[in-house]
Amino acid sequence: MVLAEIGTHGVLDARLGGYRDGERSLAYPLACSTGPGDLVIADRGFWSVEFAHVFTMAGADLLVRLQSNHLGTAQEELPDGSYLSMARPGKEVRLKAAREGRMLPRHVIYRVITFTKGDRVAYLGTTLLDSAQYPAAELVALYRERWEIELAFDEIKNHLGPSGPIRSRTPEGVRQDLWAYLAVHHTIRRFAHTAALARPAVDADRVSYLKCVRIIRRSIPSQLGATTAKLARSLTEAGWEARSRLLPVRRNRDCPRAIKKPNRWPVLRTRARGGTVQPGRWAHNPTSKAKSSRRAGRPALKGRLAASPP
């Protein structure tokens, strides 16, 4: 679970969990890295009374996509079409929090914004209650910027990481590798942000991340044993090179959620139970009827029986 800046793609904090750890439980500790003046934007599935309480206690505000069953009880209609709502924690949530020694509020007041996405209706929940200072249209447009974090993941996985399995084979080694990638990515993004702030200042997303990676990889070997003055001069020249060809202004993007097209070639699956191999099923055939013309584990030879190994 990662907490990253939208404008710079810089990773501010992260939490690494195990196979049984959920995203919401990993997101709670990230609240300590937020503070007053911060707006945390999250996708659907994170909103809850406890989630809102943890981040608001840290001083941050929230803008989260809501599920249709998290709209709460309407309290007041606002001029921009949004409304104030109230939600209370469930009984099981309160009992679990009491067993773990955590305090939950009796209720949470938040603002619900309704907007259309294509031919469907979607909802946003926010702790910014003033509709005059924070219009609903601006918050809807701001929520679409949440997809910038997907580009940050792409930068770490495909342009900086191994683009495949991590080399370490132990849990501690995997954590060490992941923290190393996050630290290097943060350094590269800080370099790109510094280059973007040079006059005339431009948006940080117009400085090519891949170009910054190539500049740093090329310049590191030549800086061994360099003096402080030479390092400062090289950093300035690298910033000029990063700004030499800026990316075009980012266009609006919209990627609807859809099931990926299945593979056109069916795959024969086999199931082992009790030391025996059962006939497989086609991966894209929902029927449970065994295929009599296929025998899993042994090749089928036409015209004669397959010879058993001695």
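Residues are numbered from 1 along each chain as its sequence is written, and side-chain values use heavy atoms, with hydrogens and water left out. Because the model is predicted, local features need pLDDT of at least 70 and side-chain atom pairs count only at pLDDT 80 or more, whereas totals for chains, interfaces and linings use all residues.

The chain contains eight helices and ten strands; helices (H or I, at least four residues) and strands (E, at least two) are DSSP runs, numbered from the N terminus. Of its 310 residues, 30% are buried, where buried means under 20% relative accessible area, exposed over 50%, and partly exposed in between (1.4 Å probe, protein chains only). The accessible surface of the chain amounts to about 21400 Å², and carbon and sulfur atoms contribute 54% of this area; accessible areas come from the Shrake-Rupley method with a 1.4 Å probe, and for residues only the protein chains shown count as cover. Among contacts in the chain with a separation of 6 or more, 50% are between residues 24 or more positions apart, a contact being heavy atoms within 4.5 Å.

Six strands form an open sheet in the order E3-E4-E8-E7-E6-E5, with mixed pairing; two strands pair if DSSP finds at least two bridges between them. Its edges are strand E3 (39–42) and strand E5 (73–77), each of which pairs on one side only. On average, neighbouring strands of the sheet are turned by 30° against each other, direction ignored. Strand E6 (residues 83–87) pairs with E7 in the antiparallel sense over five bridges, and Met-86 has Ile-109 in E7 as its bridge partner.

Helices also pack on this sheet. H2 lies across E3, strand E4 (61–66), E6 and E7, and runs at about 160° to E4. Helix H4 (residues 136–143) touches E3, E4, E7 and strand E8 (120–126), and its direction makes about 75° with that of E7. For these values, axes are lines fitted to C-alpha atoms, for helices over the stretch in contact, and angles run from 0 to 180 degrees between N-to-C directions.

The structure holds eight salt bridges, each defined as a side-chain nitrogen of Lys or Arg within 4 Å of a carboxyl oxygen of Asp or Glu. One of them joins the side chains of Glu-50 and Arg-102 (2.0 Å, N to O). This pair links distant parts of the chain, 52 residues apart: Glu-50 belongs to helix H2 (residues 49–57), and Arg-102 to the loop between helix H3 (91–99) and strand E7 (108–117). Glu-50 is buried, at 12% relative accessible area, whereas Arg-102 is partly exposed, at 27%. Arg-102 also meets Glu-100 in a salt bridge (2.7 Å, N to O), and Glu-100 is partly exposed at 48% relative accessibility.

A further salt bridge connects the side chains of Arg-218 and Glu-241 (2.7 Å, N to O). Arg-218 lies in helix H7 (residues 209–219) and Glu-241 in helix H8 (residues 228–242), so this pair ties together parts 23 residues apart in sequence. Arg-218 is partly exposed at 49% relative accessibility, and Glu-241 is partly exposed at 33%. Through shared partners, salt bridges join Glu-50, Glu-100 and Arg-102 into one network.
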